[in-house]
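Please keep the sequence and the structure open as you go through them.

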Amino acid sequence: MTQTLERCGRVLVVDDEQSLLEVLEIVLQRSGYDVITRDRPEEGLEAFRASPPDIVLLDLHMPSINGLELLAQFKRIDPSVPVIVITAHSSWDNALEAMRLGAFDFIKKPFANNDQIREVVSRALAQRAAPSDTPSGVPSASEILGNSPSIREALGLVERAAPTDSTVLITGESGTGKELLSRALHYRSPRASGPFLSVNCAAFPETLLESELFGHKRGAFSGASHDKQGLIEVCHNGTFFLDEVGELSLNTQVKLLRVLEQRTLIRVGDTAERTIDVRFICATNRNLEDMVESGTFRADLYYRINVLPIHLPRCASARRTFRCSPRTSSRAARDAKASRS
């Protein structure tokens, strides 16, 4: 039993709702975690200071100390500890602010199921255990882009966002280096040894784009002579860059939202769900807030992809061509080709 606890790690849960504390304690203990629960934020802070845990689950709405304030204090004490925030749908803005303050991810309550809790905690622990060194031959973001104040601000956000699994939205005009920046994010992340794939949403008609993203089942439409993996599925354990996300149709937006929320996808013409583990980076040269107002872009999808926004101004330009490590890039290409054949 001791070996299991050492492998799984210690989880500190801070929530003023006693019934929720009990549920989380049972779920996590059954998965082999050593769980510490505190129903007062002051006691949670004291427990963290006494012995920083491997992971924290933190409710954002508690008396006496605001959850965002407590998150900031945790990060000052030990910024390496992943913090997963728990929030109600009505507190969406606070959840996004928590992500920008360094939270690993957030869980909406009521929870979809216990597996959702286990999956997020498992990902957080895997990130904490993963080496943070940039792969050999991969340039840092500061070597790629210019030195204006706005560029330096964007690069600072890259440094903060790269180690996390949070979805990133890169905005800026065409030619400002959005894909370049997305590659820097990938190769400085724990997923650097996995595949990096990208799709320009404006380059495909709607029906073909859905097949490219989600895959299809044999016979799903005319010409579908065999089962096909979508690029998102091929990108398992890696990073998927969705360029010009503002060009997605409303129907495709619904399907992408499901993938982001459930971490599962269904191929076109199929009924079976497939679990995926992919970090998403989206980019656009359009004003998505205006599109939300006009009804051409879903508000819930916008909030899902705008967790960590990075804006690239027009002055952004690459000083040199991005070159990822030959080992990593060739492996990703081989994996993608083999998986789709």
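1. The protein chain contains 14 helices and 14 strands, where helices (H or I, at least four residues) and strands (E, at least two) are DSSP runs that are numbered from the N terminus. This is a predicted model, in which local features need pLDDT of at least 70 and side-chain atom pairs count only at pLDDT 80 or more, while totals for chains, interfaces and linings use all residues. Residues are numbered from 1 along each chain as its sequence is written, and side-chain values use heavy atoms, with hydrogens and water left out.

2. Of the 341 residues in the protein chain, 50% are buried; here buried means under 20% relative accessible area, exposed means over 50%, and partly exposed is in between, with a 1.4 Å probe and protein chains only. If one takes the contacts (heavy atoms within 4.5 Å) between residues at least 6 apart in sequence, 72% of them join residues at least 24 apart. The chain exposes about 15700 Å², of which carbon and sulfur atoms supply 48%, the areas coming from the Shrake-Rupley method with a 1.4 Å probe.

3. An open sheet of five strands, with parallel pairing, runs in the order S7-S10-S13-S6-S14, and two strands are said to pair if DSSP finds at least two bridges between them. In general, strands of a sheet pair through backbone hydrogen bonds, either parallel or antiparallel. The edge strands of this sheet are S7 and S14 (308–311), each of which pairs on one side only. S7 and S10 are joined in the parallel sense over five bridges, and Ser198 stands opposite Phe241 in S10.

4. Which aromatic rings link these strands? The structure holds four aromatic pairs, counted for rings of Phe, Tyr and Trp (its six-membered ring) if their centres lie within 6.5 Å, with planes under 30 degrees apart called stacked, over 60 edge-to-face and the rest tilted. One of them is stacked, because the rings of Phe196 and Phe241 have their centres 6.5 Å apart and their planes at 20°. This pair links distant parts of the chain, since Phe196 is in strand S7 (residues 196–200) and Phe241 is in strand S10 (residues 239–243), 45 residues apart. Phe196 is buried at a relative accessible area of 8%, and Phe241 is buried at 0%.

5. Another pair, Phe240 and Phe280, is edge-to-face, because the ring centres are 6.1 Å apart and the planes are at 70°. Phe240 lies in strand S10 and Phe280 in strand S13 (residues 279–284), so the pair ties together parts that are 40 residues apart in sequence. Both Phe240 and Phe280 are buried.

6. Helix H8 (residues 178–187) is largely enclosed by the rest of the structure, because eight of its ten residues are buried. Among them are Leu180, Leu181, Leu185 and Tyr187.

7. Zero disulfides are found in a search of the whole structure, a disulfide being a pair of cysteine sulfur atoms within 2.5 Å. For Cys201, the closest cysteine sulfur is that of Cys282 at 7.8 Å, which is too far for a bond. Cys201 is buried, with a relative accessible area of 3%, and Cys235 is buried at 0%.

8. Arg40 sits in the loop between strand S2 (34–38) and helix H3 (41–50), and at 44% relative accessibility Arg40 counts as partly exposed. The C-alpha atoms of Arg40 and Glu17 are separated by 9.4 Å, although these residues are 23 residues apart along the chain.
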